[in-house]
Amino acid sequence: MLPGDRLTLEGRIDLPPRFEGFDYRAYLARGGISATLFRPHVVSTGAGDASLGRWLTRQRLGLDRSLQRSLPEPASSLASGIAFGRDDGLSSADKEQFNRAGLRHLVAVSGSNVTIVAAFVYILAVPTVGRRWAWIPAGIAIAGYLGAAGFAPSVLRAGLMAGIFLFGSVVGRPQSGLPALFAAIIAMTVVSPTLATDSGFLLSATATAGIITLFPHFEARLRHLTAGWRYVPIPVWMCQAAALTLAATIATMPIMWVTFGRISLISPIANVVVEPVFALAFWASLLTSVLGLASESLGAAAGTAAYYPLAFISEAAAVFA
């Protein structure tokens, strides 16, 4: 089914149940759902009118099918999560492992994904069209990636922030992360006030705020502490990965505790190990999905290269969990 398709169902409508220790009815009501239909009978279906939403959904499904043809499970579902933030195909056991290891953000579209795409295109465009106009292909790449990933709140927040940064580079104003983040939050909550209580949106926004405010201090402190380690030299990227994870973990800790009742103490170590492989897995998964649309053999070849970083991330999540 695509957005706009018409579906007629027949069955008995019931109020959602209330379980001991969990009010399922209230949970659904927060999403605007007031009744359930158990095992309905399909009376008729009809295709909807042409729209941008239908076209984007069709393209996203095509990219997902491309990954499924090119990679075995669970690598294909993990690739879909890393490249496009769609973790629906991951089993509940796999999701639990990523949660316990503090690596769940890897299978959700975040600012890092959008930044990787925007920075890559921007760097490639500067020698061709110049720094003044490089924001145009970078902006087009951001829009295309957001369309491929879907327009979830975290995706839109990341896209808005990236757009504000690009705008700052055009007008020549000093770029600051917090004003960009606040502008994105204000714009999105004006359009949809219910986002103010959405846990996914809150986690995404607070993690970004933590990275902006705490990361520079943590990185400087870690590099200072490890500078004198002559016999066990610590690479710069390892300090950066640890500081990044620590900043995001501290910022999101209150929301994680209230929402899920726990936090992952192993997360900084797990992210230091996995972070260098993540960028490789991201680009390999993205390339596999695109090439797989053009040719199954090209998709299979790219999938072979993508399989190994994906398998490493999956195994790391299991070990750290």
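Predicted model: local features only at pLDDT ≥ 70, side-chain atom pairs only at ≥ 80, totals over all residues.
**Entry 1: Arg-39**

Helices (H or I, at least four residues) and strands (E, at least two) are DSSP runs, numbered from the N terminus. I went to Arg-39 and found it in the loop between strand S3 (36-37) and strand S4 (41-46). I read its phi as positive, about 50°, although Arg-39 is not a glycine. Is Arg-39 buried or exposed? Arg-39 has 73% relative accessibility, so I noted it as exposed.

**Entry 2: Ile-13**

I looked up Ile-13 next and found it in strand S2 (residues 13-14). Ile-13 counts as exposed because its relative accessibility is 62%, and the cut-off for exposed is over 50%. Which residues does Ile-13 contact, leaving aside neighbours within four places in sequence? I listed Ala-35, Thr-36 and Leu-37. I also checked Ile-13 against Phe-38: they sit 25 residues apart in sequence, and their C-alpha atoms are 7.7 Å apart.

Ala-26 is in helix H1 (residues 24-29). I noted Ala-26 as partly exposed because its relative accessibility is 29%, and that class lies between the 20% and 50% cut-offs. Its C-alpha is 8.6 Å from that of Pro-16, at a sequence separation of 10 residues.

Thr-57 belongs to helix H2. At 13% relative accessibility, Thr-57 counts as buried. Beyond four places in sequence, I found Thr-57 touching Leu-2 and Pro-3.

**Entry 3: the cis bond and the cavity**

I checked the peptide bond between Glu-73 and Pro-74. It is cis, with omega at about 5°. Pro-74 sits in the loop between H2 and H3.

The largest cavity has a volume of about 40 Å³. Its lining consists of Pro-74, Leu-78, Leu-90, Asp-94, Gln-97, Phe-98 and Ser-314. By class, I noted four nonpolar residues, two polar and one charged. Which helix gives the most to this lining? Helix H4 (residues 92-101) does, with three residues.

**Entry 4: the second largest pocket**

I then looked up the second largest pocket, with a volume of about 370 Å³. Its lining draws on two stretches of numbering. I listed Tyr-27, Leu-28, Arg-30 and Gly-31 among the lining residues, along with Thr-194, Leu-195, Thr-197, Asp-198 and Ser-199. Three of the lining residues are nonpolar, four polar and two charged.

**Entry 5: the core**

The largest nonpolar core has 45 residues. Which of them touch the most other members? I noted Leu-78, Ile-82, Leu-103, Leu-310 and Ile-313. The elements that give two or more residues to this core are helix H2 (52-70), helix H3 (75-84), H4, helix H5 (111-129), helix H6 (135-149), helix H7 (153-171), helix H11 (267-294) and helix H12 (296-320). H11 gives the most, with eight residues. Leu-78 is a core member and also lines the largest cavity.

Setting aside residues up to four places away in sequence, Leu-103 touches Phe-98, Ala-270, Asn-271, Val-274 and Ala-317. Phe-98 is also part of the cavity lining.

**Entry 6: Ser-267**

Ser-267 lies in helix H11. I noted Ser-267 as buried because its relative accessible area is 5%, against a cut-off of under 20%. What does Ser-267 touch beyond four places in sequence? I listed Ala-101, Gly-102, Thr-245 and Thr-249.

**Entry 7: helix H6**

H6 came last. It has 15 residues and spans 21 Å from first C-alpha to last, close to the 21 Å expected at 1.5 Å a residue. I listed its buried residues: Ala-138, Ala-141, Ile-142, Tyr-145, Leu-146, Gly-147, Ala-148 and Ala-149. An α-helix has 3.6 residues a turn, so residues three or four places apart point the same way. Just after H6, I found Gly-150 with a positive phi of about 90°.

Terms used:
Residues numbered from 1 in each chain as written. Heavy atoms only, no water. 1 Å grid on protein atoms, 1.4 Å probe; cavity = no way out; pocket = protein on both sides within 12 Å on 5 of 7 lines; lining within 4 Å. Points joined across faces, edges and corners; volume = space filled by probe spheres on them. Nonpolar A, V, L, I, M, F, W, Y, C, P; charged D, E, K, R; others polar. Core = buried A, V, L, I, M, F, W, Y, C linked by side-chain atoms within 4.5 Å. Buried < 20%, exposed > 50% of the residue type's maximum accessible area, 1.4 Å probe, protein only. Contact = heavy atoms within 4.5 Å. Expected span 1.5 Å × (residues − 1).
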